[in-house]
Amino acid sequence: MKVIDKEDEKASDLVQKMHELIKKDISSVSIFYDVTTILENLAKDYIIAILSNQTSLYQKVYENSEVRRYISFELFSHLSGIKKPNFQIYLDLCKNLKTPPSHCVMIGDNELHDYTTPRLLGMQSFHLSRKEASSGSRINSLDELKDWL
């Protein structure tokens with residue numbers, strides 16, 4: 001029989017608190033107002049894929065979302081074992097889409113992962129920064145894509 005000491009209790013309490021925080025965070029996830037409409041419109045003329053470094057904890061949130069019906073291909077780093085900004089995950093996406101990088105547009109909220117690295121590979125890219133004013137390839141709403149695409 002194992003004796004539980006105070007350190008084990010502290011670790012157990014910490015794990016329990018982490019689970020509660022993660023559960024709370026997951027339940028607070030919501031889709032921005034402009035996502036569904038722009039995806040619905042873009043899906044009429046474009047193949048839409050998702051390339052994400054989200055953890056497996058958030059997978060169910062995405063799987064149960066209304067936007068999933070507009071996505072033709074999904075590539076998640078927690079399933080592939082490769083994370084952005086590793087060039088290989090972008091190239092794997094292009095290979096699966098049977099499309100060269102020059103025919104892809106990347107949009108995302110991480111400047112390095114979703115703007116800089118894709119540009120280095122020849123993709124057109126936009127940095128989505130909802131808290132900053134739009135400027136050049138930085139947009140603050142997906143509605144602005146209508147002007148670019």
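Two strands count as paired if DSSP finds at least two bridges between them; helices (H or I, at least four residues) and strands (E, at least two) are DSSP runs, numbered from the N terminus. The notes below apply these terms to the structure.

1. Basis. This is a predicted model, in which local features need pLDDT of at least 70, side-chain atom pairs count only at pLDDT 80 or more, and totals for chains, interfaces and linings use all residues. Residues are numbered from 1 along each chain as its sequence is written, and side-chain values use heavy atoms, with hydrogens and water left out.

2. Sheet order. Three strands form an open sheet in the order S3-S4-S5, with parallel pairing. Strand S3 (105-108) and strand S5 (138-139) stand at the edges, each with a single partner strand, so one side of each has no neighbour in the sheet.

3. Pairing of S3 and S4. These strands pair in the parallel sense over four bridges. Ile107 has Phe126 in S4 as its bridge partner. The chain passes from S3 through H6 to S4 in a right-handed β-α-β crossover; right-handed means that, with the strands pointing away from the viewer, the path from the first strand over the helix to the second runs clockwise.

4. Pairing of S4 and S5. Strand S4 (residues 124-128) is joined to S5 by two bridges, and the two run parallel. His127 has Arg138 in S5 as its bridge partner, while Leu128 stands opposite Ile139 in S5.

5. Helix H6. This helix (residues 111-120) lies across S3 and S4 and runs at about 160 degrees to S4. Axes are lines fitted to C-alpha atoms, for helices over the stretch in contact (heavy atoms within 4.5 Å), and angles run from 0 to 180 degrees between N-to-C directions.

6. Buried denotes under 20% relative accessible area, exposed over 50%, and partly exposed in between (1.4 Å probe, protein chains only). Four of the five residues of S4 are buried, so this strand is largely enclosed by the rest of the structure. Ser129, in the loop between S4 and S5, is buried with a relative accessible area of 9%. Not counting residues up to four places away in sequence, Ser129 touches Arg138, Ile139 and Asn140.

7. Cysteines. The structure holds zero disulfides, a disulfide being a pair of cysteine sulfur atoms within 2.5 Å. Cys94 is in no disulfide, and its nearest cysteine sulfur, that of Cys104, is 3.8 Å away. Cys94 is buried at 4% relative accessible area, and Cys104 is buried at 10%.
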